[in-house]
Amino acid sequence: MGRPRTNDDAVRERLVACATEMFATRPQESVTVRALAAAAGTSTAAVYTLFQGKDGLIREVRDQAVAGLFQDLTAVPGSEAALEDLYALAVAYRHWGLEHRHLYTVLFGGAQSFVPSHRIGDRDPVRPLVAAIDRAVVGHILAGDTTLIAVSLWVALHGLVTLELAGSLDGTAAETAFRSTIDAVLRGWATPSVFRGLRRTDPAL
């Protein structure tokens, strides 16, 4: 049996939820401790007691975003086919971003941006993508520097998800853009021996 839920737990959850939305939709400098407390129906003292201030609350929101994306990507089953794993991971990344729009915005373009090429530890949310790319390079499926391939794939994924979140892509257009863009990125890094087999038609993507 877990620890009994306390009033502090409830206040913490409300503050994190309000902060996630506010940091994703407003300039960081405009979000004050007073505004955060008012939105969560609590006092400014609670922000300092529970998070040591606004910066601590930003870190908590970002940590939750990192943990959520990491959890979803690591849940993707691995296989012997690194390229198939890369497609599956791209699908999982997109799904998480669309399902958690405010956390995604905070993590990749809101209050505190995350740069995927920077090492942030074993729970780096894009580490599963990097591992699959490593396997593809070792297996002579992709050719190039793993970090450069990872960044180019992330740039494509981020652009696609951002356009979908903004409403600029939806429905069939979004599905087609996703398939064709991921195809193009991977073909660009493919070794000559596998290049011709990289055009995908899988409707699941």
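This is a predicted model: local features need pLDDT of at least 70, side-chain atom pairs count only at pLDDT 80 or more; totals for chains, interfaces and linings use all residues.
**Notebook: a first look around the helices**

I started at Thr 20, which is buried, with a relative accessible area of 9% (buried means under 20% relative accessible area, with a 1.4 Å probe and protein chains only). Thr 20 is found in helix H1, residues 7-25 (helices are DSSP runs of H or I, at least four residues, numbered from the N terminus).

Residues are numbered from 1 along each chain as its sequence is written, and side-chain values use heavy atoms, with hydrogens and water left out.

Next I looked up the partners of Thr 20. Leaving aside neighbours within four places in sequence, Thr 20 is in contact with Val 61, His 102, Leu 103 and Val 106 (contact means heavy atoms within 4.5 Å).

Then I turned to aromatic rings, and found five aromatic pairs (ring centres of Phe, Tyr or the six-membered ring of Trp within 6.5 Å; planes under 30 degrees apart are stacked, over 60 edge-to-face, the rest tilted). The rings of Tyr 93 and Tyr 104 have centres 5.8 Å apart and planes at 85 degrees, so this pair is edge-to-face. Tyr 93 lies in helix H5 (residues 82-99) and Tyr 104 in helix H6 (residues 101-109), so the pair ties together parts eleven residues apart in sequence. Both Tyr 93 and Tyr 104 are buried. I also saw Tyr 93 form a tilted pair with Phe 108, at 6.0 Å centre to centre and 45 degrees between the planes.

Last, I noted one aromatic cluster: Tyr 93, Trp 96, Tyr 104, Phe 108 and Trp 154.

Terms used. Helices (H or I, at least four residues) and strands (E, at least two) are DSSP runs, numbered from the N terminus. Buried means under 20% relative accessible area, exposed over 50%, partly exposed in between (1.4 Å probe, protein chains only).
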